[in-house]
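Here are my notes from a pass through the model. Have it open beside you as you read.

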Amino acid sequence: MDRTRGTEESWRLTLQHSPIGMGLVDLDGRILVVNRALCDMLGYEPEQLRSKRVQDITHPDDIVASTTLLKQAVAGEIDSLRLRKRYLRADGTVLWADMSSAPVRHEDGTILHFVTQFLDITEQHASEARLAVANRALECERRTLEAIFDTVDVGLLLLGRDGSYQRMNRRHAETMSLQYPEGHDGRAGQPGAVYGPDGRTPLPREQLPSYRAMQGEEFDDVRVWVGSDPANRAAFSVSARRVRDHEGEVTGSALAYKEITDLLRALRVKEQFLASVSHELRTPLTVVLAHLELLVENEDLPPSIQPQLHAIERNALRLGSLVGDLLQVAQALEAGLELQRTDVDLVALLGETVETWRAKVDASGLTLRCETPPRMFASVDRQRLRQVVDHLVSNAVKYTGRGGTITLGLQGDADHLRLCVSDTGMGIDEAEREHVFAWFVRGDEAARRLISGTGIGLHIVRTIVAAHGGEVTVDSTPGEGSTFHVTLPLAPLAGIGE
Ligand code: ADP
């Protein structure tokens, strides 16, 4: 008997001090005994809970499931009850708990009451709910990205760190057969029908965009032609970026292939058109000029028509120089510029330019100054460099109003020479500054003021300077003036003098 009482006492102590909510519930759901943990979980005092039935503290949405289980247990259909359900705390908030209940029976097998455990999982449930929301958002984003990945008109390829093809979109899959008509082994760097920017030279493995990306290179606008049939090759502009994981470790590379076949074909047509138009214009113009010269020199003609003849001659010469500019652009595009370098005294070259422009500068009410050392030699193409200076001075004259000043400067150090042409003219808007070197680009202000021009001069300047390995830039303040800087690397002199 003492042993039984001892056991009951240990049970009572276990029940009271268990960190898990526990209670005894009768067959109707009345709460008979509760422990401290259950009271704390639900926010009631023990006597308050003991006056309730389980149904009273169950969330209305879970009452049916809960009573159904209880009935099944009472009817002996199940041995024990387990349910994840909601309870209502004293303050009306919801408690999520894992409830498990087992019957305590009489010796004859009938059920006396149920021992019930309540495990508070409110926090766990809330984080599960948050996780589910986050997962849904992620899944939604994944599907959106997937749709974009397959819809964009740019081929996308993902490489693993070892160069294995991990994923590609539909667009890239379509072009794979062009590059690899015999099939592909799924690794970057497989030689195929891939050609360089000229559309003819097969690319060696080291220059294939996928191989370069596999080596960890990042690049933009690498142009390749693909396809074994020369008549049907397609051109792509390829970009690559490294892909990193959340710790910044490189896990591979992503490549984008944008098709630019139409663009390159259109550019080629434009270049051919430019070349043929300028060739075609030159021949009749030469004939016109030759006949004009004869007319101007013909003393039998009345002097009164001389002004008209001179006007025709001036404009025909201007047309001739425009056609010459166009031809030069066309030739540079076709074959690149070939320089005839000699050792040139640049100070003398600037002096000649100043002399040529003197009359025009005076007539325009401008001042032209030269700030140069006594002599400075460089190995350059004399004629081309003269063209550069001439053109920059011509612009300075055109775009500077009366009373303005134009300054030619020349400086040099061991490696470079710097030539600048400054004016105090109308200046160039910041937004236009980087575009004025592109061909056929004219400034808005120049067009608005009806200052004549074609927009190719600065393009020719840049082409010639680039052929010398140098660069040309412009600083300008609208309304105050512009300075064009030409920087040329000093090529070794062949011998002083020409
Ligand atoms: P063009 O003078 O025939 O228009 P350019 O290629 O020489 O062509 O110049 C392109 C544009 O750059 C000009 O239309 C003009 O807007 C601007 N520009 C060039 N030089 C100057 C300058 N010295 N001052 C102001 N604007 C200039």
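**Notes on the cavities and the sheet**

1. Helix α5 gives the largest share of the lining of the largest cavity, four residues. Helices here are DSSP runs of H or I with at least four residues, strands are E runs of at least two, and both are numbered from the N terminus. Before going on: this is a predicted model, where local features need pLDDT of at least 70 and side-chain atom pairs count only at pLDDT 80 or more, while totals for chains, interfaces and linings use all residues. Residues are numbered from 1 along each chain as its sequence is written, and side-chain values use heavy atoms, with hydrogens and water left out.

2. That cavity holds about 160 Å³ of space. A cavity is a set of points, on a 1 Å grid over the protein atoms alone, where a 1.4 Å probe fits but cannot get out; lining residues have an atom within 4 Å of a point. The volume is the space filled by probe spheres set on the points, which are joined across faces, edges and corners. The lining has 17 residues, and Val-25, Val-54, Ser-66, Leu-70 and Met-99 are the closest to the centre. At least two lining residues each come from α4 (54-57), α5 (63-74), β3 (81-88), β4 (94-105) and β5 (111-120).

3. By class, the lining of the largest cavity has nine nonpolar, seven polar and one charged residues. Nonpolar covers Ala, Val, Leu, Ile, Met, Phe, Trp, Tyr, Cys and Pro; charged covers Asp, Glu, Lys and Arg; the others, Gly among them, are polar.

4. The second largest cavity has a volume of about 80 Å³. Its lining is eight nonpolar and three polar residues, with no charged ones. Tyr-165, His-172 and Tyr-257 are among them, and α7, α8 (209-214) and β9 each supply at least two.

5. Now the sheet: six strands, open, antiparallel, in the order β7-β6-β11-β10-β9-β8. Two strands count as paired if DSSP finds at least two bridges between them. At the edges sit β7 (165-168) and β8 (194-195), each pairing on one side only. Helix α7 (170-179) packs on this sheet, touching β6, β7, β8, β9, β10 and β11, and its direction makes about 115 degrees with that of β7. Contact means heavy atoms within 4.5 Å; axes are lines fitted to C-alpha atoms, for helices over the stretch in contact, with angles from 0 to 180 degrees between N-to-C directions.

6. Within the sheet, β10 (234-244) and β11 (250-259) pair in the antiparallel sense over nine bridges. Ser-237 has Lys-258 of β11 as its bridge partner.

Methods
1 Å grid on protein atoms, 1.4 Å probe; cavity = no way out; pocket = protein on both sides within 12 Å on 5 of 7 lines; lining within 4 Å.
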